[in-house]
Amino acid sequence: MSCEELANMYELYALGLAEGEEKMEIAQHLADGCQACRRGVHQALALNSLMLGQVDDVKPRARLKRRVMAAIGVRHRSWTWAAALAAACMLVVALWLGEQERERTAQLADARRELLEVSADRDHMAAALRMLDQPDTILVGFGKGQPAPPKGNVFVNGRSGVLLIASNLPALQPGRLFEMWVIPQGGAPRPAGMFQPSANGMGFNLLAGPLDLASVGTIAVTVEPEAGSPAPTTTPILAVPVAGL
Amino acid sequence: MRFLNYLPALLVYGLLQVLLRYKDESDLARRLKAREPRAMEDLYDRYGRLAYSLIYRVVRNAAAAEDLVQETFLRVWNRVHSFDQQRGALGPWILTVARNRAIDYLRSIDGKMSAGSLELDRLENPALFSAFDDSALSIDRARRLKSAFEKLNPNQRMVIELAYFEGLSQTEMADRMKQPLGTVKTWVRSALKALRDELMEAASA
């Protein structure tokens, strides 16, 4: 076939649609270096490109570019929204865990403090019980037969100290506590410990340690600021004489 | 025929992209041959949307179109070493690869493979896309081609559609249209001649 006869087939040839003898003829002309056919196929490729470009515009999804780049081994460097969301979630979780840890630490400190307080109370109570068990402990009652006074007992022991157990104690104003005093005969009152009554007016205070019974005249209780006072600032609500025991 | 309804409304968006970007492509081709990943990003930015539009036009399936776009660009990446960076035309090459991948996909789901695939593969050789004259892809020629296409009669437009976007040979067109092969060949040749003549006229103007 001549180049003129093949001229109408170049476009189909370039599209891979030429058939039979015409296809073989064009291939042969090209293989033989036919410049007319070569030029014709080039022009056909241009026409085909112009035709193929005339399609409706359809926007692909953004992720297609990442897929294409991944296909040649290039990973997208910027964060995707999903990665950013995951990072944000991780940050929130980290902050939440940090807050939880702080709360747990505070709770542990509170528990440790309470444990120490309970432990101190227990030691205090154990010392009081030991003192009560001692045969040389002297019991002095107070308030019995009075109209509405505090009532109770004072236990005195020269080796162990003074234990006060009282009931019918008056209610305290906020910021106030009871303070026990050991008042020597002819001397100034000495602070002997602060205590707070229970809801039913019971009070308990122990001054642990050796005590010179010969010099002690009175055990008294006053109402004082919760920080304590170096000397009584109010009239005693109770005063128990212990001199000469 | 339903697909004929689309053609009058076809836009020249993609076509203009090809034409406007043709001139500064030698540097892009050089970078692609140097295996610069950034060049591949630029190539996708230029032709990704057009390639997707063309492939979607052929396969009418978004997921398959994405797979075929990926395959198209991977082929270009793997074969660019034999592309003529001084005289080659990236746009026509990519469009041809994209169209052939889509046609090959259509044939595979129709159970028509092997020989046709090899033929398409041969026609994607980058060496074929060198020595393109700048004027061959001018905007004026594109406009004239579109106008010439719209002047074709319905049978001529149909055979052009079947060839370019469905990959049917003239024998297959005759089967599809239930027309004698000779008649179909006449429609194909007259349609292509009309398009070709319009481009020749544009070139000489």
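**The sheet in chain A**

I started with an open sheet of four strands in chain A, ordered β1-β2-β3-β6 with antiparallel pairing. From one strand to the next, the twist averages 10 degrees.

I noted that this is a predicted model, where local features need pLDDT of at least 70 and side-chain atom pairs count only at pLDDT 80 or more, while totals for chains, interfaces and linings use all residues. Residues are numbered from 1 along each chain as its sequence is written, and chains are lettered from A and ligands numbered from 1 in the order in which they are written.

Next I checked β1(A) and β2(A) (residues 151-157): five bridges join them, and they run antiparallel. Gly141(A) sits opposite Asn153(A) of β2(A). Helix α6 (residues 81-133) of chain A packs on the sheet, where it touches β2, β3 (161-167) and β6 of chain A. Its direction makes about 75 degrees with that of β6(A); such angles run from 0 to 180 degrees between N-to-C directions, with axes fitted to C-alpha atoms, for helices over the stretch in contact.

**Where two chains meet**

How do α5(A) and α3(B) cross? I found that the axes of α5 (residues 63-71) of chain A and α3 (residues 37-59) of chain B come within 11 Å and cross at roughly 125 degrees. They are therefore oblique (under 35 degrees is roughly parallel, over 145 roughly antiparallel, 65 to 115 roughly perpendicular, and the rest oblique). On the α5(A) side, the contact (C-beta atoms, placed from the backbone, within 7 Å) is made by Leu64(A), Lys65(A), Val68(A) and Met69(A). The α3(B) side brings Met40(B), Glu41(B), Tyr44(B), Gly48(B) and Tyr52(B).

**One alanine**

Is Ala18(A) buried or exposed? With 22 C-beta neighbours inside 10 Å, Ala18(A) counts as buried (buried means 20 or more other C-beta atoms within 10 Å, exposed 12 or fewer, partly exposed in between). I found Ala18(A) in the loop between α2 (10-14) and α3 (20-31) of chain A. Beyond its neighbours within four places in sequence, its contacts are Met9(A), Leu12(A), Tyr13(A), Lys23(A) and Ile26(A).

Definitions and conventions
Helix = DSSP H or I, 4+ residues; strand = E, 2+ residues; numbered from the N terminus. Contact = placed C-beta atoms within 7 Å. Pairing = 2+ DSSP bridges.
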